[in-house]
Amino acid sequence: MLRVAAVVCMLVCVATASPAVNINKITSYTADWRRGGCSTIGCDSGRTGPSGCSCDRDCGCKGNCCSDYIPVCTGGHTGCSFEGCGGISCSGGGCSCEKDCACNGNCCNDYIATCTGGYTGCSFDGCGGYSCTGHCYCTSDCEQYGDCCPDYHSQCT
C-alpha cells in the first residue's frame, strides 16, 4: 500500500509541476522508475525501459515517457522553454510553439513569455491585420469598430 501511495504522489507531483503537460499522457506513463526510468536508462539515449517507457524528446507526443522524464530529462521545464520556439512541443503534450498557434488555439502555456518576449498585439504581429496574440486588430478601420489592439496607435499610426 505504501508503494501505491508513493506512485500516486509522484504522478501528482509531476502533473502539477508542469501545467502544459497532458495529464492523460502522464497517467499512462510507467510508474516504476526504479526498474528502468530515465535516471537509469538516460535521456535521449534511444533505449527504452523494461516496460517500454522512453526518455527521448518525442516521448510526450508518443505517450510513452517514463514517469521521471520531466524532472530528470527536462529539469522540470516543458513546452517552449524546453524545446524552443517554432515547432511542436512533445514535452508539453503536443502543444505548439509556432507563430500561428495563437490563431489555432494550441499554444503551449509558456508561448507568449518564451517566444514573443511578452509582446502581444501589433508590436508582435505587425500592422495591417488581426493580431492572434492580442485578439484584436491592427488595421486602420479598427477604430471604427472599436477593436484596436492597445498598442495600435504607438505601433501603426
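The largest nonpolar core of this predicted model has 11 residues: C38, I41, C53, C55, C59, C65, C66, Y69, I70, C73 and F82. A nonpolar core is here a set of buried Ala, Val, Leu, Ile, Met, Phe, Trp, Tyr and Cys residues joined through side-chain atoms within 4.5 Å. Buried stands for under 20% relative accessible area, exposed for over 50%, and partly exposed for values in between, computed with a 1.4 Å probe on protein chains only. Helix 3 (38-41) and helix 5 are the elements that give two or more residues to this core. Helix 5 provides the largest share, three residues. A second, separate core of seven residues includes C97, C108, Y111 and C115. In soluble globular proteins, nonpolar side chains tend to be buried together.

The model is predicted, with local features requiring pLDDT of at least 70 and side-chain atom pairs counting only at pLDDT 80 or more, while totals for chains, interfaces and linings use all residues. Residues are numbered from 1 along each chain as its sequence is written, and side-chain values use heavy atoms, with hydrogens and water left out.

**Overall composition**

The protein has 157 residues, of which 39% count as buried. Contact means heavy atoms within 4.5 Å. Among contacts between residues at least 6 apart in sequence, 38% join residues at least 24 apart.

**Disulfides**

A disulfide is a pair of cysteine sulfur atoms within 2.5 Å, and by this rule the count comes to 14. The table presents some of them.

| Pair | S to S distance | Angle about the S-S bond | Handedness |
|---|---|---|---|
| C85 and C115 | 2.0 Å | -95 degrees | left-handed |
| C95 and C108 | 1.9 Å | 90 degrees | right-handed |
| C101 and C107 | 2.0 Å | 90 degrees | right-handed |

The disulfide between C85 and C115 has an S to S distance of 2.0 Å. This pair links distant parts of the chain: C85 lies in the loop between helix 6 and strand 1, and C115 in helix 8 (residues 111-115), 30 residues apart. C85 is partly exposed, with a relative accessible area of 44%, whereas C115 is buried at 19%.

The sulfur atoms of C95 and C108 are 1.9 Å apart. This pair also links distant parts of the chain, with C95 in strand 2 (residues 95-96) and C108 in the loop between helix 7 (101-104) and helix 8, 13 residues apart. Both C95 and C108 are buried.

In the disulfide of C101 and C107, C101 is buried, with a relative accessible area of 0%, while C107 counts as partly exposed at 26%.

S89 is found in strand 1 (residues 88-89) and is buried, with a relative accessible area of 0%. Not counting residues up to four places away in sequence, S89 touches C61, G79, C80, E83, G94, C95, C97 and C108.

The side chains of S89 and S91 are joined by a polar contact of 3.4 Å. Such a contact is a pair of N or O atoms within 3.5 Å; within protein, one must be able to donate a hydrogen and the other to accept it, and residues adjacent in sequence count only if both atoms are side-chain atoms. The S89 side chain also reaches the backbone nitrogen of G92 at 3.0 Å.

T78 lies in the loop between helix 5 (69-73) and helix 6 (80-83). This residue is buried, with a relative accessible area of 7%. The C-alpha atoms of T78 and D110 are separated by 8.7 Å, the two residues being 32 apart along the chain.

**Aromatic rings**

Rings of Phe, Tyr and Trp (its six-membered ring) pair if their centres lie within 6.5 Å; planes under 30 degrees apart count as stacked, over 60 as edge-to-face and the rest as tilted. By this rule the count comes to one aromatic pair. Y130 and Y137 form an edge-to-face pair, 4.9 Å centre to centre with 65 degrees between the planes. Y130 counts as partly exposed at 41% relative accessibility, and Y137 is likewise partly exposed at 34%.

The charged end of K99 sits over the ring of F124, 5.1 Å from its centre. This description requires NZ of Lys or CZ of Arg to be within 6 Å of the ring centre and within 35 degrees of the ring normal.

Methods
Helices (H or I, at least four residues) and strands (E, at least two) are DSSP runs, numbered from the N terminus.
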